[in-house]
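Subject: Handover of a structure and notes on its contents

Dear colleague,

Please find below the structure that I am handing over to you. My notes on it follow directly after it.

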Amino acid sequence: MKRELGVRAMSSGNRVVFQATLGELAEVPGSPYAYWAPKSLRELFQKYPPLDRDVAGQPDKPKIADVKQGLATADDLRFTRFWWEVPVKEIAASREETRQGKKWAPFAKGGKPFYHDIIVVVNWENDGMEIKNFDRAVVRNESFYFREGLAWTKSAWIENSPYPILDVGILPTGSIFTAKRMAIFLSFKEANELILCSFLRSITAAALIHLINPTGRNREAGHLAQVAIIPTIFNENQLSSLAREAYDLLREWDTGSETSTQFIAPWVFQIWRGFRLQQRPVTGHPLAQDFAWSDWPAAREIRGEGKGPWEGPVSLQALAQEALRREGMLRRRLEEIQLAIDEEVYRLYEINAEDRRLIEEELRESLVADEEENVESNEEDESGEEAPEDSATLTVAEHVRRLLHYFAHRAAAADPGGIVPLFDLYLADGQSKPGLAKRVRELLAREFGEGNLSALEEEISSILGKSLDAWLAEDFFGYHLSLYRLHPVIWQLSSQAFAPRRGRAAYKPAFVCFLYWARLDPDTLYKVQQFYLRPQLATVEQEVERLAQEVARAREGPARVRRRREEEYQAALDRKEELFGFAGAISRLLSPPPAPLPVDSRSTWVKEKVNEIVQNGYRPNRDYGVRVNIEPLKQVNILAREAARVKG
């Protein structure tokens, strides 16, 4: 058989001719039309056993691993949460703990190479009893749950890679894997998952998988099960070392991401305070319990070990630039690790230079085709895990936003009642309540020095294009929504929806406060209404009365003064209308609804639970998660308009 492709050239102006017999094509499982494959690659399937002989249908070959699909809940909105939505003490680390009162288990969705933080949890209480009783759920390979292994998603996709390399990474002990993030479990104790991880991350493995499945972007369990494995590969300690270093570097870097289970503090904050060997993740998550700093030279350099606290000028710009420099070091070292893995696997599989060139050319073209197919299909990523900037190098502005968000989060979490106004205000008892803006300033001053606060605020304004006050008022909640994957733990109440329509787009709300998810209870909105809003209503009524009198007196005076008083009076009337409309909406929410709420969700369970928590007046149930509990507030328009993004 001869195949001629005039459009494919290995060098400028040359045509390429591939020759392969039907028998040679049949050397690859499934006999795909892999005419381009060099003989050295095709023969591997005949020389070596498959990764999983059972799935590959080759029972006479040695058993190397089990390649398995996992749990499909069929209703993730019902059965899964992000870890920050649930009490961390209720997250189990073993099957036994799910039988002892811990409801949630880490649930591996999404995918990143070597190390992937598992930020989703699944309801596996009493060994998954509720899911098993759900007729649409599919519980596959349950005996492998909570075991250590490797995991990958169906899509072969690696950031900044010219080849469609598998996103395989370590699946830690104590987690459950999904039907989309499938798993591999080695069959003999002396085998090393890290070695297999390195191999499956190699260009050689990508080529073998591409041979088996040349036309589709999805890589199913059956495809990986047929990959040819040299049994002696498990003696290659270098491959183990390379994968371990990549895992450790990525896990340590994740300590700067606020939504990570491994979080310690934002990157610029860690740089400011200096590395301390005794610091550990602050989340309390079971997957962080075994965290330990590694001893790799690159790791020590990236975390600035031995340098101590920041000695330069107090500058957020300089701290962020240092964070960017360290991230660049991380990425360069990961690239070096990948090159070393590819070189070592090429050597082990005896792939010569000419065949390497052919393999890499084919994989580059297949990646372009996959990208085009993905764009055309416009498939929605169902993992819902990735923050917008997680896949790219962060910017100076992003580092500053993350630092400010961290301080704002700390301020909200520290409030005993979980209610924080945007700016200072007086409560019903006459006491002053400091606002979020003041609390963030206090934290900045406490950390960086009172004398540096003014300069820091100037920097913030220069970097973000607006003042700290304006960023907290206008951008903070929307940013929080993105950072927390549209499952916010800080909710912004706002009266803006009740402002008169004239000029509403540029209007500053008369009332704004923030609620902290972990302290949300049936009394929260009542407290907002009675203790926070009522004094504002009384104040605006007094102001309306005072300005009405001034308008009356101004009728005998100059026209300019009269117009000013009339404008002030109208503004006060607008604020009164807005605040009373907002208060009325809260009152309606605290009363039983006249009819069931219409809920736009693909989950029947969500619709039922939303109406359950409002049937006797709003009574939140945090066990149902953010999506259910935030919906009634959305429907009466008492949340900032960005909350409309919370859907599902």
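Lys 466 is partly exposed, with a relative accessible area of 21%; here buried means under 20% relative accessible area, exposed over 50%, and partly exposed in between (1.4 Å probe, protein chains only). The side chain of Lys 466 meets that of Glu 474 in a salt bridge, at 2.8 Å from N to O. A salt bridge is taken to be a side-chain nitrogen of Lys or Arg within 4 Å of a carboxyl oxygen of Asp or Glu. Glu 474 also counts as partly exposed, at 44% relative accessibility. Elsewhere, salt bridges with shared partners join Asp 52, Arg 53, Asp 54, Lys 63 and Asp 66 into one network.

Please note that this is a predicted model, in which local features need pLDDT of at least 70 and side-chain atom pairs count only at pLDDT 80 or more, while totals for chains, interfaces and linings use all residues. Residues are numbered from 1 along each chain as its sequence is written, and side-chain values use heavy atoms, with hydrogens and water left out.

Further salt bridges

A search of the whole structure finds 46 salt bridges. In general, side chains of opposite charge can pair when their charged atoms come close. One of the salt bridges joins Arg 325 to Glu 322, with the closest N and O atoms 2.9 Å apart. Both residues lie in helix 14 (residues 316-348), 3 residues apart, which is about one turn of the helix. Helices (H or I, at least four residues) and strands (E, at least two) are DSSP runs, numbered from the N terminus. Glu 322 is buried, with a relative accessible area of 13%, whereas Arg 325 counts as partly exposed at 37%. Another salt bridge is formed by Lys 102 and Glu 97, whose closest N and O atoms are 3.8 Å apart. Lys 102 is partly exposed at 26% relative accessibility, and Glu 97 is partly exposed at 23%.

How many of the 8 residues of helix 20 are buried? The count is 7, so helix 20 (residues 476-483) is largely enclosed by the rest of the structure. The buried residues are Phe 476, Phe 477, Gly 478, Tyr 479, His 480, Leu 481 and Leu 483. They pack against helix 16 (396-414), helix 17 (436-448), helix 19 (468-474), strand 14 (490-494) and strand 15 (512-516), where contact means heavy atoms within 4.5 Å. Helix 20 is followed by Arg 485, whose phi is positive, near 55°.

Rings of Phe, Tyr and Trp (its six-membered ring) pair if their centres lie within 6.5 Å; planes under 30 degrees apart count as stacked, over 60 as edge-to-face and the rest as tilted. By this rule the count comes to 27 aromatic pairs. The rings of Phe 476 and Phe 514 have centres 5.7 Å apart and planes at 80°, so this pair is edge-to-face. Phe 476 belongs to helix 20 and Phe 514 to strand 15, so the pair ties together parts that are 38 residues apart in sequence. Both Phe 476 and Phe 514 are buried. The rings of Trp 491 and Trp 517 also have centres 5.7 Å apart, but with planes at 35°, so that pair is tilted. Trp 491 lies in strand 14 and Trp 517 in the loop between strand 15 and helix 21 (524-554), 26 residues apart. Trp 491 and Trp 517 are both buried. Ring pairs also link Trp 124, Phe 144, Tyr 145, Phe 177 and Phe 185 into a cluster.

The nonpolar core

A nonpolar core is a set of buried Ala, Val, Leu, Ile, Met, Phe, Trp, Tyr and Cys residues joined through side-chain atoms within 4.5 Å. The largest such core has 195 residues, of which Phe 199 and Ile 638 touch the most other members. Helix 14 gives the most to this core, with 12 residues. Leaving aside neighbours within four places in sequence, Phe 199 has contacts that include Ala 205, Leu 208, Val 227 and Tyr 349.

Strand 3 and strand 10 (residues 181-186) pair over 4 bridges in the antiparallel sense, and Ala 65 has Leu 186 in strand 10 as its bridge partner.

Yours sincerely

Technical notes
Two strands pair if DSSP finds at least two bridges between them.
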